[in-house]
Amino acid sequence: MNVINITNLIKIYKQGDLEVKALSGINLDIANKEFTSIMGASGSGKSTMMNILGCLDHPTSGSYLLEETDVSQLRDDKLASIRNKKIGFVFQSFNLLPKLTAFENVELPMIYAGVSISARRRKAGEAMEKVGLTDRMKHRPNELSGGQRQRVAIARALVNDPSLLLADEPTGNLDTQSGEEIMTIFKSLNEDGVTIVMVTHEQDVAAHSKRIVTFKDGVIISDKPVALGIGGAGA
Amino acid sequence: MNILENLKSSIKNVFANKMRALLTMLGIIIGIGSVIMIMSIGAGSQAAMNEQFESMGMGRINVSVAGNNRDISQNDLMTIKDYNALAENEDIKYIAATYSASAEIKLLDKTKTKRASLTGIYGDYQQITSPTLLYGRYIIDNDNDLAAKVAVINDTTAVNVFGAADESVIGRKISLPTYRGVQKYTVVGVLSNANAAIERQYSDQFPESVIMPIVTLQRLYGTSQVDQITVLANDSNNADSVATALTNRLDILHRTTEKYYAQNTMAMMEQINSVTSMITGFISAVAGISLVVGGIGVMNIMLVTVTERTREIGIRKSIGARRRDIRRQFMIEAVILTGVGGAIGLTLGWGGGNAIGNLIGVAPVVTVQSVLLAVLISCGIGIVFGVYPAGKAAKLDPIEALRYE
Ligand SMILES: Nc1ncnc2c1ncn2[C@@H]1O[C@H](COP(=O)(O)OP(=O)(O)OP(=O)(O)O)[C@@H](O)[C@H]1O
Ligand SMILES: [Mg+2]
């Protein structure tokens with residue numbers, strides 16, 4: 001079964017009279033349990049793609065089937081529900097709420113999902129354990145390192161057991177060491193069966209995935225598996 | 001997200017910046033505070049006045065001739081005959097006739113006199129006024145039959161005239177120099193003066209008070225006139241209709257039309273109450289304008305808050321908050337601001353009411369209704385002025401909100 005089916009997807013940004021075609025006809029299928037990297041030059045449409053995949057934005061035309069339901073033209077609140085239950089999103093800039101503790105940040109998606117307090121506590125604890133941060137529960141984001149913040153963000157993304165984990169340059173703000181740690185987590189999550197789509201500029205990071213899709217000027221110019229055992233292979 | 005957790009996080013957000021929260025609430029605090037203060041003083045003075053009326057006897061009706069002296073002919077004047085006629089009315093409990101005059105009374109220092117108000121009474125005057133008899137007895141029917149030269153005075157007058165207010169006063173005589181020479185009346189009773197406290201302070205302004213049989217007083221002035229008939233209705237709620245029956249009866253007896261005027265305590269009280277309510281209401285409404293100003297202040301700060309927290313809203317939306325989740329969060333924050341402001345205003349208004357009440361000698365009354373009203377109004381303001389900012393927050397586009405710097 002495909003988690004993602006995208007057919008002829010187009011996204012046009014309108015700014016007054018000016019039209020920017022950020023995506024011009026994307027066709028992309030992503031199967032269950034795949035670990036895909038999206039690469040490409042700056043401005044090639046990667047983030048635009050991710051935002052649509054993450055149901056944060058509507059495509060201008062084309063269809064997007066998420067687990068075989070068309071979500072391309074759903075209303076706001078429907079999309080919010082999908083973001084809440086089916087998608088975990090990890091951002092380059094972490095996007096944690098600064099006034100909440102790490103634990104409370106991880107709890108938040110479950111609050112919107114209506115999970116009971118006891119279940120919430122348990123699952124947030126489990127998610128924090130998965131990312132190795134059980135000793136940082138009560139810390140606020142500004143009391144954590146970049147790598148730790150990103151791990152909190154991953155825990156938050158995972159906590160509602162989504163079908164899809166999206167990450168837009170998750171290691172972009174991190175040093176190599178922390179980036180490696182994040183990739184280790186992603187790999188083990190993928191081994192546990194989580195479908196991951198990740199944007200990155202770095203070959204080394206992409207090498208951790210199993211498939212590399214390359215964008216250029218809003219179209220896909222290559223789509224290759226990562227050769228086993230060869231770090232840095234691909235486009 | 002359940003309400004309790006919403007409340008907790010909202011309280012945290014609102015009071016993260018205490019100074020700003022306080023300034024935002026100021027309009028509401030002042031508005032609710034002044035409304036509560038005014039209403040408590042208003043209710044307090046109303047209660048005091050009602051108490052006064054109740055001490056006069058509810059359902060008390062004073063009947064007299066209407067109009068000024070020029071309009072009144074000899075035929076219109078009331079006499080004991082009218083008293084007897086009105087006494088037949090079955091809806092009345094007590095009836096008394098009075099004739100009032102004023103004269104000079106000799107004081108302890110015999111060279112000095114002071115103004116005295118003389119009240120000639122007939123019938124159930126004692127029952128209607130229910131005074132406290134300290135010594136001796138009250139005027140009785142027999143005194144009228146005999147036109148006895150007896151008088152009942154109060155303790156203040158007793159001290160002023162005899163130098164003491166005790167048993168020894170009974171049997172002594174008061175002297176009233178009149179145009180018919182000095183008249184002497186034997187004191188048969190001493191009453192407690194209900195207004196003693198005030199009269200002692202302003203003793204010059206208050207005349208001495210002398211009560212005597214109406215017949216005795218009428219003889220002194222060579223008249224048979226009764227200038228007021230006072231009635232206590234069986235049922236105070238009927239006072240209005242009893243009053244009408246009495247004046248109609250008098251019009252029939254005297255072949256006049258609407259010549260008689262009945263003043264009833266119940267109606268007077270209602271009238272005064274409605275006036276105080278109106279005044280209180282009006283001043284409260286003026287004070288209430290600051291509530292609108294306060295509401296606008298809250299809206300303003302909520303709009304600023306929404307802008308400041310655009311990124312937070314974006315993050316919340318990106319992890320699945322729906323419009324209604326965001327709207328509810330900001331609505332609750334607005335209602336907390338105004339609700340807490342209202343509570344502070346309530347407390348300050350209460351305290352202010354007590355302070356002013358102390359100053360002007362009124363015990364302020366804060367009713368449950370006014371507290372509920374204050375709470376409802378302040379929360380209502382939060383809802384009314386929170387809707388727009390909360391709606392604005394709810395409608396933010398997640399992508400744009402996330403990009404907001
Ligand atoms: N909100 C917007 N309004 C107008 N144009 C936009 C908007 N967002 C993106 N674009 C344009 O769409 C194109 C694709 O942008 P996008 O952010 O998807 O690029 P990207 O591949 O993620 O680049 P980078 O690697 O720098 O993050 C760019 O030309 C960009 O200017
Ligand atoms: Mg990008």
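How far is an oxygen atom of ligand 1 from an N or O atom in the side chain of A:H201? The distance is 3.1 Å. This is a predicted model, where local features need pLDDT of at least 70, side-chain atom pairs count only at pLDDT 80 or more, and totals for chains, interfaces and linings use all residues. Residues are numbered from 1 along each chain as its sequence is written, chains are lettered from A and ligands numbered from 1 in the order written, and side-chain values use heavy atoms, without hydrogens and water.

**The ligand**

Ligand 1 lies between chains A and B. The shell around it holds 15 residues (a heavy atom within 4 Å). A:S42, A:G43 and A:K46 are among the closest. Three polar contacts (N or O atoms within 3.5 Å) are listed here.

| Side chain | Ligand 1 atom | Distance |
|---|---|---|
| A:S42 | oxygen | 2.5 Å |
| A:H201 | oxygen | 3.1 Å |
| B:R403 | nitrogen | 3.2 Å |

Taken alone, ligand 1 exposes 630 Å² (Shrake-Rupley method, 1.4 Å probe). The protein buries 68% of that.

**The interface**

Here, 22 residues of chain B are in contact (heavy atoms within 4.5 Å) with 24 residues of chain A. The two chains bury about 2200 Å² between them (accessible area lost on being put together, 1.4 Å probe, summed over both). Carbon and sulfur atoms carry 54% of it. The rule finds 1 salt bridge across the interface (a side-chain nitrogen of Lys or Arg within 4 Å of a carboxyl oxygen of Asp or Glu). A:D76 pairs with B:R323, with the closest N and O atoms 2.9 Å apart.

Terms used:
Polar contact = N/O pair within 3.5 Å; in protein donor to acceptor, adjacent residues only side chain to side chain.
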